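Reader: Can you walk me through the ligand site in this one? I'd like to start with the space itself.
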Amino acid sequence: MVQTTPFLLVLFLALGAHSLSTEKCILTGIWVNDLGSNMTIKTMTANGDFTGIYLTAVSATMKKIEASPLQGSQHLPNPGLSQPTFGFTIHWSFSDSITVFTGQCFVDDDGKEILKTMWLLRSHMDNIKNDWKATLVGYNEFKRLEEQ
Ligand code: BTN
């Protein structure tokens, strides 16, 4: 009893400290992905809906790239959910395509926020016969753009 009490106290403090130090991943802000694309998530409503602007570094088209609006939704952070899942749609303003992203906002082992995502890019086809080649799928990782 004399020995188990300090042990339980240390265990309790360690577990308590860990749960207190669980950091939140917050979607609002400026992000850059592994392709060099920039994303700014500007507004976040109380129910987790958000809007932003996406400036892609690459395109499947030959058109001049322009910043494009995005709309999305995330699960709300709460004491048990500090690394929320989310999804958003980009309505490309310079092409006829649409991209949908889905992902999760994580805090990595170094305490840095990172967005792990997958996407579908739907291109416009002039003929239904080309539908089979209309959708690309891929993976992007986003890191928060640190203030210079
Ligand atoms: C288009 O080519 O019609 C629009 C631009 C698509 C850019 C894609 S979306 C998925 C991938 N991730 C990026 O940051 N850019 C490309």
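This is a predicted model: local features need pLDDT of at least 70, side-chain atom pairs count only at pLDDT 80 or more; totals for chains, interfaces and linings use all residues.

Reader: How many residues line the largest pocket, and which lie nearest its centre?
Author: The lining has 19 residues. Nearest the centre you'll find Thr 56, Val 58, Trp 92, Thr 99 and Leu 121.

Reader: How does that lining divide between nonpolar, polar and charged?
Author: Ten are nonpolar and nine are polar, with no charged residues.

Reader: Switching to the ligand. Which residues are closest to it?
Author: Ser 37, Tyr 54, Ala 60, Ser 95 and Asn 140 are the closest, out of 17 residues that surround the ligand. By class, that shell has eight nonpolar and nine polar residues, and again no charged ones.

Reader: Which side chains have an N or O atom by a ligand oxygen?
Author: Tyr 54 is one of them, with a side-chain N or O atom 2.6 Å from a ligand oxygen. For Ser 59, the distance to a ligand oxygen is 2.9 Å. Ser 37 also has a polar side-chain atom 2.6 Å from an oxygen of the ligand.

Reader: How much of the ligand's accessible area does the protein cover?
Author: On its own the ligand has 410 Å² of accessible area, and the protein covers 98% of that.

Notes
Residues are numbered from 1 along each chain as its sequence is written. Side-chain values use heavy atoms; hydrogens and water are left out. On a 1 Å grid over the protein atoms alone, a cavity is a set of points where a 1.4 Å probe fits but cannot get out, and a pocket is an open set with protein on both sides within 12 Å along at least five of seven lines; lining residues have an atom within 4 Å of a point. Ala, Val, Leu, Ile, Met, Phe, Trp, Tyr, Cys and Pro count as nonpolar, Asp, Glu, Lys and Arg as charged, and the others, Gly among them, as polar. A residue is near a molecule or strand if one of its heavy atoms lies within 4 Å of it. A polar contact is a pair of N or O atoms within 3.5 Å; within protein, one must be able to donate a hydrogen and the other to accept it, and residues adjacent in sequence count only if both atoms are side-chain atoms. Accessible areas come from the Shrake-Rupley method with a 1.4 Å probe; for residues, only the protein chains shown count as cover.
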